[in-house]
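Biologist: Could you take me through how a sheet, its packing helices and a single side chain are read from a model?

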Amino acid sequence: MPVRILAIESSCDETSAAICEDGKISSNIIANQKIHEQYGGVVPELASRAHMQNIVPVVDAALKKSSLTLDKIDAVGYTQSPGLIGSLLVGGQFAKSISFSRNIPLIAVHHMQAHVLANLIEDPAPNFPFLCLTVSGGHTQIVVCESPYSMKIIGETIDDAAGEAFDKSAKLLGLPYPGGPLIDQYAASGNHTRFNFPKPQIEGLNFSFSGLKTSILYFLEHAGKTFSYKPELKVSQIEKEHFIQTNLNDLCASIQHRIITILLEKLKRAVEETGIKSVCLAGGVSANKGLRQAFNELALVEGWQPYIPAFEYCTDNAAMIAITAYHKFLAKDFTPLSQTSSAKANW
């Protein structure tokens, strides 16, 4: 008999449901929340309310696309952490209700573990062990993945994540939320060598992006004269906006290039230290076209075996929760109904 998993993702501002049948994704439905655009970022209370409106039709759509009903589901997985607590509660309580009413196993999934295992959704999948550079809005990590159940973080950000660096830079440029994809779009027409933003000097495999963000802030306030804060060089708001508008493509290309070089230089060092040549990308920022291209080019030069999930499996989605829940089902790693959303899922 096939193992069928219903999975729910509700950690931030996407409500998603997916069906996994014997390790293959048969449906992956995502409802985005447009309401946050007018506020320049995700508003947690509004996100929770939108999840409550979306979750029933999204789950229904996932079941219908797979030609299934709830009585054919063997287990239900859900994102337990990390994320916005109100948003997590909506998905978690809905999953618990299904588990209780249908008397089927409940499986809590760690969001970052799911991003890593998104690389197992499509063929060819990486062999174990593999390295994964996980790049999202709140996390930047280098993970050694020895099996679906055994992972070790060997490098991570000590402050801002790469996704935050993209979004905060976009805000400084006056771009609307979400700004990261817009930087990628404008960068395609820009000259990435035009502005040479400074690179943080962080030892080991850890990352730092807060200093880069600050240097971009000062650079724009000084209309390109310096990366350091000098009050005497600060220009008017009109001059600043004119500088940005006339150099937008090159600014985006230069900012994106610096973020990507920071990421890939650390990843290259991790490969050298571990000797692992199967290398993956994961997380929302892995949808960035500039990063995907640079990653593949570096892999070709270095002789890596590169893997990147399809675009639909990079940003927050239930398919990655489903594939992770499937492997946890095989290991009989189930979650009691009494477990709270404040507890961290095992990964």
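**Reading the sheet and one histidine**

Modeller: Let us begin with a single pairing, bearing in mind that this is a predicted model: in strand β4, Val76 is the bridge partner of Leu6. Strands β1 (residues 4-9) and β4 (residues 75-81) run parallel and are joined by four bridges.

Biologist: In what order do the five strands of the open sheet lie?

Modeller: The order is β3-β2-β1-β4-β5, and the pairing in this open sheet is mixed. The edge strands, each of which pairs on one side only, are β3 (24-32) and β5 (106-110), and from one strand to the next the twist averages 20°.

Biologist: Which strands does helix α1 lie across?

Modeller: Helix α1, covering residues 44-65, lies across β1, β2 (14-21) and β3, and runs at about 25° to β2. Helix α9 (residues 318-330) also packs on the sheet, where it touches β1, β2, β3, β4 and β5, with a direction that makes about 135° with that of β1.

Biologist: Turning to the side chain, is His36 buried or exposed?

Modeller: A residue is called buried when its relative accessible area is under 20%. His36, which is found in the loop between β3 and α1, counts as buried because its relative accessibility is 0%.

Biologist: Which residues is His36 in contact with, leaving aside its neighbours within four places in sequence?

Modeller: With those neighbours left aside, His36 is in contact with Asp13, Gly41, Val42, Val43, Leu46, Ala47 and Tyr177. Of these, Ala47 is eleven residues from His36 in sequence, and their C-alpha atoms are 8.1 Å apart in space.

Terms used:
Residues are numbered from 1 along each chain as its sequence is written. This is a predicted model: local features need pLDDT of at least 70, side-chain atom pairs count only at pLDDT 80 or more; totals for chains, interfaces and linings use all residues. Side-chain values use heavy atoms; hydrogens and water are left out. Two strands pair if DSSP finds at least two bridges between them. Helices (H or I, at least four residues) and strands (E, at least two) are DSSP runs, numbered from the N terminus. Axes are lines fitted to C-alpha atoms, for helices over the stretch in contact, and angles run from 0 to 180 degrees between N-to-C directions. Contact means heavy atoms within 4.5 Å. Buried means under 20% relative accessible area, exposed over 50%, partly exposed in between (1.4 Å probe, protein chains only).
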